[in-house]
Amino acid sequence: MNIPIVCIAGPTAAGKSASMQALAAQWPIEIINVDSATIYRGMDIGTAKPSAEERKLIPHHLLDIRDPVESYSAAAFHDDALRLIGEIYARGRIPVLCGGTMLYYKALREGLDDLPRADPQLRAQIDARAKELGWPALHRELAAVDPPTAARLAPNDSQRIQRALEIFGLTGTPMSRLLEKRPARQGEGPRYLTISLEPSDRLALHDRIRRRYEAMIEQGLVEEVALLHSRPDLHPGLPSVRCVGYRQLWDYLDGTTELDEAIERAIAATRQLAKRQLTWLRSTPDRMVVDCLADDAAGQVLHLASRVWRSLK
C-alpha cells in the first residue's frame with residue numbers, strides 16, 4: 001500500500017472542482033470526497049455538490065451517504081476512504097482525495113486517535129445542559145478540566161465542545177492529554193501528497209466567498225433549507241444543520257433573524273471556515289502550494305499531479 005495518493009485540498013471557494021475537471025480530462029480518476037457536508041442527502045446547493053452531469057463524467061464517492069438526521073465521523077471516513085482507495089486501484093483507475101474537511105485528512109495521514117466512541121446517552125445529557133445554559137457556559141466548564149482543548153475552540157463550537165466534554169466524562173482524562181499519548185503510526189500505508197490551493201490575496205478569496213453564497217441564494221438555497229426545516233426530526237443540535245451556510249438560514253426560518261442578516265452571518269461564517277482551513281493546511285508537511293487565484297491554477301494542479309502519477313507507469 002506504499003502508493004502515492006494525491007489530495008487536492010484548499011479552503012472553500014478555492015476552485016477545487018475546476019482542478020478536478022482538469023485532472024479528469026487527462027487521467028482516469030475517481031474522486032473520494034473529503035467533505036463533512038456533502039455526505040448528506042438533500043443538501044446540494046449549499047454544499048456546492050457536483051451535479052448529476054458532473055458525476056456521470058467523473059465517478060464521485062462518499063456523496064449522499066447519510067440522511068441529515070444521521071451522523072458520520074472521522075473514523076468512519078478513515079475506514080471508507082481506505083476501502084475505496086483499494087477498490088479504485090483494483091479497477092485500474094486513480095483515486096484522488098478532494099475536499100476541505102481537514103479533520104478527515106488528518107485521520108488518514110496520522111491514523112486514528114485511541115479515543116472512546118460516541119456515547120449517545122452522555123451526548124444527550126450534554127446537549128440538554130447546553131440548551132439550558134448555552135454553549136459558552138459549557139466552554140467555560142471545559143476550560144476548567146481541559147484548558148489546552150478549550151483554548152483552541154470557539155465558545156460556540158458546539159460539536160467539538162460536546163466531544164471534548166464527552167471524552168472527559170467517559171475517561172476522566174482531558175482529551176488533550178489522551179492525544180499527547182497517541183502512539184506513532186505503525187506500518188506502511190499510502191503516501192498522501194497534498195496539493196493545496198491557497199489564495200495569494202485573502203480579500204480576493206473573501207469576495208469569491210460572497211459571490212458564491214449569493215449565487216447559492218439565487219439558486220434556491222433558502223428553499224432547500226426550508227425543506228429540511230420542515231422535518232420534525234431535524235434540529236440545530238445535529239451536525240448537518242450546524243453546517244456553515246445552513247445554520248444561519250435555519251435561524252431565519254426560526255424567525256430569530258431577518259434574511260439579509262442571516263445571509264451576512266453565513267458569509268462571515270464561511271470566511272471564518274476558510275481561515276481555519278488555511279491554518280490546518282499551513283501545518284501540513286510537504287504540501288505543494290498553488291495560488292488558487294491564478295488564471296492557470298487548474299493547469300498547475302494538473303502538472304503537479306501528473307508528475308506523481310507518471311511514476312506509477
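## Helix α3 and its surroundings

Helix α3 is followed by G92, a residue with a positive phi, near 80 degrees. The model is predicted. Helix α3 covers residues 74–90, 17 residues in total.

Which residues of α3 are buried? They are A74, A75, F77, H78, D80, A81, L84, I85 and I88. An α-helix has 3.6 residues a turn, so residues three or four places apart point the same way. The buried residues of α3 pack against several strands: β1 (4–9), β2 (29–34), β3 (60–61), β4 (94–99) and β5 (191–198). Helix α4 (102–110) is also among their packing partners.

## Two helix pairs

Two packed helices are described by the angle between their axes and the distance between the axes. Take α5 (residues 120–133) and α6 (residues 135–145). Their axes come within 7 Å and cross at roughly 120 degrees. Angles from 65 to 115 degrees count as roughly perpendicular; α5 and α6 are therefore oblique to each other. On the α5 side the contact uses I126, D127, R129, A130 and L133. On the α6 side it uses W135, A137, L138 and E141. By class, the contact of α5 with α6 has 6 nonpolar, no polar and 3 charged residues.

The other pair is α11 (residues 221–229) and α12 (residues 247–254). Here the axes come within 10 Å, with a crossing angle of roughly 70 degrees. That makes α11 roughly perpendicular to α12. Helix α11 contributes L221, V222, V225, A226, L228 and H229 to the contact. Helix α12 contributes L249, W250, Y252, L253 and D254. The residues of this contact divide into 9 nonpolar, 1 polar and 1 charged.

A13 is not a glycine, yet its phi is positive, at about 70 degrees. The residue lies in the loop between β1 and α1. A13 counts as buried because its relative accessibility is 11%, and buried means under 20%.

D64 is not a glycine either, and has a positive phi of about 55 degrees. D64 sits in the loop between β3 and α3. Is D64 buried or partly exposed? With 24% relative accessibility, D64 counts as partly exposed.

T12 is placed in the loop between β1 and α1 (16–24). T12 counts as buried, at 11% relative accessibility. Leaving out residues up to four places away in sequence, T12 touches L205, I209, R212, T270, A274 and Q277. How far is T12 from R160? The two are 148 residues apart in sequence and 20 Å apart in space, C-alpha to C-alpha.

M175 belongs to helix α9 (residues 175–180). M175 is buried, with a relative accessible area of 8%. Again leaving out residues up to four places away in sequence, M175 touches L115, D146, T149, R152, A164 and I167. M175 and S283 are separated by 108 residues in sequence and 21 Å in space, C-alpha to C-alpha.

Terms used:
Residues are numbered from 1 along each chain as its sequence is written. This is a predicted model: local features need pLDDT of at least 70, side-chain atom pairs count only at pLDDT 80 or more; totals for chains, interfaces and linings use all residues. Side-chain values use heavy atoms; hydrogens and water are left out. Helices (H or I, at least four residues) and strands (E, at least two) are DSSP runs, numbered from the N terminus. The expected span of a helix is 1.5 Å times one less than its number of residues. Buried means under 20% relative accessible area, exposed over 50%, partly exposed in between (1.4 Å probe, protein chains only). Contact means heavy atoms within 4.5 Å. Axes are lines fitted to C-alpha atoms, for helices over the stretch in contact, and angles run from 0 to 180 degrees between N-to-C directions. Angles under 35 degrees count as roughly parallel, over 145 as roughly antiparallel, 65 to 115 as roughly perpendicular and the rest as oblique. Ala, Val, Leu, Ile, Met, Phe, Trp, Tyr, Cys and Pro count as nonpolar, Asp, Glu, Lys and Arg as charged, and the others, Gly among them, as polar.
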